[in-house]
Amino acid sequence: MKLLAKIVTIGILSSFNLPLYADKPTITTMQIKLSNLEVDITKKKLELIKREKNLNTMKVKALSVDDAHKKALMLKLAQVEASLAKDKLLLSEREVKLYEMKVALLKAQ
């Protein structure tokens with residue numbers, strides 16, 4: 001069972017392009033990497049919240065725009081919203097991998 005946990009851990013670490021040592025990574029090293037990854041994910045979440053706030057501000061402003069510019073602005077808003085949704089999805093995938101790494105680390109302990 002521990003071998004399977006190690007294989008999963010190494011696979012997950014390599015999927016994040018984290019450096020793998022010639023010998024097996026220590027639990028402390030893996031905990032540090034997990035902490036760094038958590039910090040990175042939290043920063044990305046904060047950035048997405050700021051972008052979403054800006055998007056909502058733009059939507060409110062779009063309501064007061066004249067009809068001549070409304071179509072172009074609505075198109076731009078849709079593009080920004082699609083980009084934001086894509087980034088949220090990518091962040092969610094990173095969070096899932098983070099939790100998989102945590103489980104693998106707990107199994108290895």
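Predicted model: local features only at pLDDT ≥ 70, side-chain atom pairs only at ≥ 80, totals over all residues.
**Exercise 1.** Determine which secondary structure elements make up the protein chain, and in what order.

*Solution.* The chain holds three helices and zero strands. Read from the N terminus, the order of elements is α-α-α.

**Exercise 2.** Classify the relative direction of helices α2 and α3, and describe their contact.

*Solution.* Helix α2 comprises residues 27-62. It packs against α3 at an angle of about 160 degrees, the two axes being 10 Å apart. The cut-off is 145 degrees; α2 and α3 are therefore roughly antiparallel to each other. Their crossing is left-handed. The residues of this contact divide into 19 nonpolar, two polar and 14 charged.

**Exercise 3.** State which residues of α3 are buried, and what share of the chain is buried.

*Solution.* Buried means under 20% relative accessible area. In α3, the buried residues are L77, L84, L91, E95, L98, M101, A104 and L105. An α-helix has 3.6 residues a turn, so residues three or four places apart point the same way. For the whole chain of 109 residues, buried residues make up 20%.

**Exercise 4.** Of the contacts with a separation of 6 or more, find what percentage joins residues 24 or more positions apart.

*Solution.* Such residues account for 70% of these contacts in the protein chain.

Definitions and conventions. Residues numbered from 1 in each chain as written. Heavy atoms only, no water. Buried < 20%, exposed > 50% of the residue type's maximum accessible area, 1.4 Å probe, protein only. Helix = DSSP H or I, 4+ residues; strand = E, 2+ residues; numbered from the N terminus. Axes fitted to C-alpha atoms, helices over the stretch in contact; angles between N-to-C directions. Parallel < 35°, antiparallel > 145°, perpendicular 65-115°, else oblique. Left-handed = near helix turned anticlockwise from the far one by under 90°. Nonpolar A, V, L, I, M, F, W, Y, C, P; charged D, E, K, R; others polar. Contact = heavy atoms within 4.5 Å.
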